[in-house]
Amino acid sequence: MGLTRPASAVPASPGFRGAKDRSCTAIVNLRVSRSTFNSSQCKETGTVDRYCLAIAFTLAALGSTAHAADDESTKYLLRYSLNGGQKLSYEVTHVAKTKTRLKGDEEISQVHTVSQRHWAVTHVDGEDMTFDHVVDSVEMTQQQGDKEEIRWSSGSGEEPPRVFSKVAEQIGKTLATVTINPRGQETDRQDNGGSKASLGMGSLSLALPEEAIAIGDSWAIPREIKTRTEDGLVKPIKIRELYTLEKVKSGVATLSVRSEPLTPIDEESVRAQVVQQLSNGTIKFDLDAGHMISKELNWDETVVGFQGPNSMMEYRARMTEQLIDSVVRTARRP
């Protein structure tokens, strides 16, 4: 998949005669490629050498154009392909810093979490693939304003702080049993615990395009974010996740993702809720193995006036998710 068609040999021109013909025929008959020219193939000197070089450079340029055209026209089919009994383990790191300013008072909150989770594929029935989603371990750090930093690791054997108690209850348990089709669409889901909110980190599976696509092609997935207005009313905000196939190398597709709100946002308090749930970043998908390899999402947002004219919120965060062969636990600090 994705191999470039070999460029056709270019026939020698009948206009070449004598020394030019003898010294340049080998070059003219070469396949169109930047790597085929060797200056030793020009046996003559002076004008003939310059003439041969001109031909070689022209052919190299044509070769580059042909390869680029092939890359642009090649189409790739992105599909999940899971097997019964398969286990996909990922390490997820989430770092966030929120700065708020209200009536002249400023507060900074920071969160740093490293967790290991896995998909355990229970069975495959035709195109339907079912897996259990399990969080194996977590290391969490939280600090709010001037308060003392709170730390906890599920591997420490210590009692979790109250603020982490809900997370601690979910370690090692099946949070959801999900069935997806090859496009990553959920056809069935049973939630056993945890939250359904994506918080901009994306769903468990990646929504793939309906047809094969070429580099530069995009597809959009609709999503809805629940927000609350200053009056206490629930306001849904419709957004779309715009995915683009940026490149394919060695069987790995690199995708970009960008969230685009579709519902007009008039209140800054609503905007402050929305920006923390948008997805902007890069995803790598293994075309041959049929699963995600990695994901990186970034946030860099500032909202002014979210709680009055003198208020401000800055949100800076990063989330990375990486496929790992085995879960390795090490001590980490933010």
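Is Arg-316 buried, exposed or partly exposed? Arg-316 is partly exposed, at a relative accessible area of 31%; here buried means under 20% relative accessible area, exposed over 50%, and partly exposed in between (1.4 Å probe, protein chains only).

## Basis of the model

The structure is a predicted model, in which local features need pLDDT of at least 70 and side-chain atom pairs count only at pLDDT 80 or more, while totals for chains, interfaces and linings use all residues. Residues are numbered from 1 along each chain as its sequence is written, and side-chain values use heavy atoms, with hydrogens and water left out.

## Salt bridges

The whole structure contains 15 salt bridges, each defined as a side-chain nitrogen of Lys or Arg within 4 Å of a carboxyl oxygen of Asp or Glu. One of them joins Asp-300 to Arg-316, with the closest N and O atoms 2.8 Å apart. Asp-300 belongs to strand β13 (residues 291-304) and Arg-316 to strand β14 (residues 312-324), so this pair ties together parts that are 16 residues apart in sequence. Strands (E, at least two residues) are DSSP runs, numbered from the N terminus. Asp-300 is exposed, at 56% relative accessibility. Both residues also take part in a network of salt bridges that links Lys-99, Asp-300, Glu-314 and Arg-316.

Two further pairs can be described. Arg-151 and Glu-149 meet through their side chains at 2.8 Å, N to O; Arg-151 is partly exposed at 31% relative accessibility, and Glu-149 is partly exposed with a relative accessible area of 31%. Asp-191 forms a salt bridge with Arg-189, the closest N and O atoms being 2.9 Å apart. Asp-191 is partly exposed at 33%, and Arg-189 is partly exposed at 31%.

## A negative surface patch

Asp-125, Glu-127, Asp-128 and Asp-188 form a patch of negative charge on the surface. Such patches are made of residues with over 30% relative accessible area and no salt bridge, like charges being joined within 9 Å. The place of a charge is taken as CG of Asp or CD of Glu. Asp-125 lies in strand β3 (residues 105-125) and is exposed, with a relative accessible area of 56%.

## Surroundings of Thr-93

Thr-93 is located in strand β2 (residues 87-102). Leaving aside residues up to four places away in sequence, Thr-93 touches His-112, Thr-113, Val-114, Arg-318, Met-319 and Thr-320, where contact means heavy atoms within 4.5 Å. The C-alpha atoms of Thr-93 and Glu-296 are separated by 9.5 Å, although these residues are 203 residues apart along the chain.

How values were computed. Patch = residues over 30% accessible without salt bridge, like charges linked within 9 Å, V, L, I, M, F, W, Y side chains within 5 Å. Areas by Shrake-Rupley, 256 points an atom, 1.4 Å probe, with all protein chains shown as cover. Lys, Arg positive; Asp, Glu negative; His and termini not counted. Helix = DSSP H or I, 4+ residues; strand = E, 2+ residues; numbered from the N terminus.
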